Amino acid sequence: MKITDLQKIDQNIIKILADHKGIDKAINGKMLAQSLNVDLRTLQGRIEFLQGKGWAIGSIAVSYTHLRAHETS
C-alpha cells in the first residue's frame, strides 16, 4: 500500500509523525488533533488504524503521542 492510497488525514498524520522521529520527541495528542482539525478520539482511531496497517508504531495516551511513521520505499 502506498501513502497515496491512504485517506488525506492519515497522510497528514504520517507526515507529522515523520517530522517527530525519536523517543524524546513526543507529540501532544490534543495539539496534534487540533492541528489536523479533528477531535482526540478521531485521532486515536486513525492512529490505531495506521498501527494495524504497519504505518505507525508506538502508543497514544491522553496527553502525548509517542509514535513514529513507518518508513517505506
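1. Helices here are DSSP runs of H or I with at least four residues, strands are runs of E with at least two, and both are numbered from the N terminus. With that in hand, the protein chain reads α-β-α-α-β-β along its sequence, for three helices and three strands.

2. A word on where this comes from: the model is predicted, so local features need pLDDT of at least 70 and side-chain atom pairs count only at pLDDT 80 or more, while totals for chains, interfaces and linings use all residues. Residues are numbered from 1 along each chain as its sequence is written, and side-chain values use heavy atoms, with hydrogens and water left out.

3. Now the chain as a whole. Of its 73 residues, 33% are buried, meaning under 20% relative accessible area with a 1.4 Å probe, protein chains only. The protein chain exposes about 4,800 Å², and carbon and sulfur atoms supply 50% of that area.

4. Contacts (heavy atoms within 4.5 Å) also tell us something about the fold. Among those in the protein chain with a separation of 6 or more, 46% join residues 24 or more positions apart.

5. Arg-46 counts as buried because its relative accessibility is 17%.

6. Leaving aside residues up to four places away in sequence, Arg-46 touches Gln-7, Ile-9, Asp-10 and Ile-13. Arg-46 also sits over the face of Phe-49, 4.6 Å from the ring centre; the rule asks for CZ of Arg, or NZ of Lys, within 6 Å of the ring centre and within 35 degrees of the ring normal.

Methods: Buried means under 20% relative accessible area, exposed over 50%, partly exposed in between (1.4 Å probe, protein chains only). Accessible areas come from the Shrake-Rupley method with a 1.4 Å probe; for residues, only the protein chains shown count as cover.
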